[in-house]
Structure formats: C-alpha cells, structure tokens
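Good morning. I have a few minutes on one protein chain, so please look at the screen.

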Amino acid sequence: MQAKHISQCLIKCFLWSGISAALILENQELQQRIRPQRVEFYSINFNNTLHWQPGRVGKGEDITYFVQYKVYGQSSWKNKEECWQIHKSLCDLTYETSDVREPYYSRVKSVSAGVHSNWTVSCRFTPWRETIIGPPSVTVTPRNGSIMLKLKAPSSPYKRKKGSKISMAQFYHLLYQVFLINNLPNEKHKMLVYEGTDKVFKIENLKPGVSYCIVAKIFVAVLDRSSAYSSKECAVPL
C-alpha cells in the first residue's frame, strides 16, 4: 500500500514537473517575442524623444511598456514616471536629458500577461552632437527695388528664468544661408544671395513688380550639418 502511494506521488511530481517545464519554456518564448526592438532617440532642437518598435505582438495582445534612463557612467537607472506602464511606443525624455553635452542611455521593457521581457537598451545619445537643427523662420518685407529679410533661429524647449525659450543660437555658432528664387517664366532659378551670421539684411537690385521668393537654411560648421530649408516666403519689390 505504501509502495503504491509512493508511486502515485512520483507520477504526480513527474506530471507537475513536466507542466512547469512547459510553462517556463512558454514564458521564455513570450519574453523573447514581446521584447521591444530598435530603441532609439530622435531629437529635433533638443526635443528628445525615445522611440521603439514593438516585439512580435499578437493581434489584440495587451502590451505595456516601462522606460528607464541614466547618464553614461552612472550605475543606477531612473524610472521615467510618465512612461511607466504605458501602451504607446514613445517617451518624451526632453527634460531628463537637458544637460545637452552629457551622454545618456535609455532602456525599455514590455509586459504581457504578467510576463516581463528583458530590457532593450538604446545606443549612447548626446543631444548636442545628435540633435537635428530645424530651419530658421523667415520674414520678408518689400522695399523699393529690394526686399528686407529678417531671420530667426529655432527655439529649444528650455526656458530662461523669465519664461522665454532659449534660442538654438545660444548652443551653436549658426551660419545662415539665404537663397533667392525669382518667378519669371523663363528664368526660374535658385541663387545663394547671402551667407553669414546677420539676422537682418536687405537684398537689393531687384526688378520692381517681379515676384521673388526666399528660402533659407542653417549650417553648423562644428557638426558639419545643415538644417532643412525654411518654408518659402515671397514678396514683390516696389
């Protein structure tokens, strides 16, 4: 009788161990399947956002994400509270990465059905080196045979004590490049008419009554990088 009882216990233990092994394997597969992919920073004028791709998520599967960050060299990670147990696959880390010359890391993990994936870590990110600088804004005013231009560098998200936003020109030496486009039917072309640091200047010797358009971009020599072109602004000299 005792031998029979022992035999039944062994069978139950064997069955439970088999079930447990299957569950562990299933959980490991789920861990790998839901793990976030391609965790990367995207930065425009120091607006620094972390993006990632979901893992191999099934239709209707409920996935939540958890984000942490740290300065390069620090041993401990900090939770980003606004990106803790979220459903979207992006996280704004602008103010957590506000020392723009410091290198940062971030990492993301996902959870589904109580199973936690491993963390996926971003590459090192230094805002000052990697941000994309936006184009300047351009204001044009027609004058007699000329057009007066006013350029303005884009703003960063960071503010002075009085509340105004700090210009990107405070972080870099910006070179403005201005191009003139005339709209004559047989002479359409884009011509570089100014390159320098002045933000207000005049384009002279233009034909009265002819529509001219202006586009501008910014060049940052230390990064060997240009912004995109500004939106086109047009005026007709008097």
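Over residues 14-19, pLDDT stays under 50, and for this stretch the model has zero contacts beyond four places in sequence. This is a predicted model, and where pLDDT is low, the predicted coordinates should not be read in detail. Among the elements, helix H1, residues 2-34, has the lowest mean pLDDT, 57. At the other end is strand S5, residues 90-92, with the highest, 98. For the protein chain, the mean pLDDT is 88, and 85% of residues reach 70 or more.

Gln68 is part of strand S3, which covers residues 64-71. Is Gln68 buried or exposed? Its relative accessibility is 9%, so Gln68 counts as buried, the cut-off being under 20%. Leaving out residues up to four places away in sequence, Gln68 touches several residues, including Trp77, Trp84, Tyr105 and Trp119. Asn79 is also one of the residues Gln68 touches, and the two side chains make a polar contact at 2.7 Å.

Next is Ser156, in strand S11, residues 155-159. Ser156 counts as buried because its relative accessibility is 1%. What does Ser156 touch, not counting residues up to four places away in sequence? The answer is Asn45, Phe46, Lys165, Ile166, Met168 and Phe171. A polar atom of the Ser156 side chain lies 3.2 Å from the backbone nitrogen of Tyr158. Finally, Ala169 is 13 residues from Ser156 along the chain, and their C-alpha atoms are separated by 9.3 Å.

That is all from me.

Key:
Residues are numbered from 1 along each chain as its sequence is written. This is a predicted model: local features need pLDDT of at least 70, side-chain atom pairs count only at pLDDT 80 or more; totals for chains, interfaces and linings use all residues. Side-chain values use heavy atoms; hydrogens and water are left out. Helices (H or I, at least four residues) and strands (E, at least two) are DSSP runs, numbered from the N terminus. Buried means under 20% relative accessible area, exposed over 50%, partly exposed in between (1.4 Å probe, protein chains only). Contact means heavy atoms within 4.5 Å. A polar contact is a pair of N or O atoms within 3.5 Å; within protein, one must be able to donate a hydrogen and the other to accept it, and residues adjacent in sequence count only if both atoms are side-chain atoms. pLDDT is the predictor's confidence in each residue, from 0 to 100.
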